[in-house]
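Here's a quick briefing to read alongside the model. Start with the chain as a whole, then zoom in on one helix pair.

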Amino acid sequence: MAIIISGAGHCLPVPVIDNKTIVDRINTTEDFILSRTGVVTRRHISGEKGLSALLVPACEQAITHAGIGASDIDMLIVNTLSPDHHDPSEACFIQPQLGLGHVPVLDIRAQCSGLLYGMELARHLLLSGSYKHILVACGEVLSKRMDTSDAGRNLSILLGDGAGALVLSNSSGASGGIVDLIIRADGSRYDLLWTAAPGTAQQRYTDQTATPHFRMNGQPMFKDATQRLCEIALKILNRHHLTIDDIDIVLPHQPNLRILDAVRERLAVPSHKFVTNVERYGNMASASVAVTVSEYIREARPAPGTLALVLTYGSGATWGAMLYRF
């Protein structure tokens, strides 16, 4: 039995935010943003809207693209660090908006690796035979989590909003599908990028003495991300006696252009085989690779037999790799 991506969808806010607009809000320069991150524009949602305004259309697109209806979805898995509300889950919040039945829905928190974590869970559930179609969605509204102070600016200049979704289905007749998928984590790297509050580690859950903003240790995270992405790419290739020359397209998470360039160069991937969109969309956390995969499927329309390598890295630290045959 093959596990295939039967449908893909993504949604981006309409407002395009250029670097000049960011400079008007943050103590930085356009040259610094471009040279350090490679970001030229990003999308930010309108102030009165929440994540569901992006997640729901992305999911609806994926369901339609799969040629099925909402009633055919057997489970929904959502990954986000910027939900509409703190609790209950974002999955529960969007379930009725999508018109899903009383199927199981849940959130996971694998940060920027959420798509591959969600797909790995869905893959094994589908292989069990108990489910036919599982919807995996990743979305973020990071524009509302921007810290415009000097302490937060080096991350905030990157951040964008978006959502992507995939329908995974089991198929007995498909020639392609998930070839292999590996996910990993190292909790000792927790403090490379984290948010202290709200949380029960404080005297009060909403203790205002602890920052509710992202804090990143930039240089150590750059090194860890580059190392992990390269290592897991080689691991999954070696496991199948493949080289990078056997890969038709690499679809990575989009942290910043410097990390992507370092990974591409270390793996010796030709530029035309390595997809980047961080220049246009910024870093959308878990939505980045979900949007990247969806855009590739819907716009490039890969030929049957195309072999893709999907790579993710996120805070935690979490990372993963997938080989997928279209």
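Among contacts (heavy atoms within 4.5 Å) in the chain between residues at least 6 apart in sequence, 77% link residues at least 24 apart. Keep in mind that this is a predicted model, where local features need pLDDT of at least 70, side-chain atom pairs count only at pLDDT 80 or more, and totals for chains, interfaces and linings use all residues. Residues are numbered from 1 along each chain as its sequence is written, and side-chain values use heavy atoms, with hydrogens and water left out.

**Whole chain**

- You'll find 10 helices and 13 strands here, taken as DSSP runs numbered from the N terminus (helices: H or I, at least four residues; strands: E, at least two).
- The chain is as compact as a globular protein of its length, because its radius of gyration (over C-alpha atoms) is 19 Å, close to the 20 Å from the globule rule for 326 residues (2.2 Å times the number of residues to the power 0.38).
- The C-alpha trace spans about 55 × 45 × 35 Å along its principal axes.
- Of the 326 residues, 56% are buried (under 20% relative accessible area, 1.4 Å probe, protein chains only).

**Helices α3 and α4**

- The axes (lines fitted to C-alpha atoms over the stretch in contact; angles run from 0 to 180 degrees between N-to-C directions) of α3 (residues 52-65) and α4 (residues 90-98) come within 10 Å and cross at roughly 55°.
- On the α3 side, the contact uses Ser-52, Leu-55, Val-56, Cys-59 and Glu-60; α4 brings Glu-90, Phe-93, Ile-94, Gln-97 and Leu-98.

Technical notes: Buried means under 20% relative accessible area, exposed over 50%, partly exposed in between (1.4 Å probe, protein chains only).
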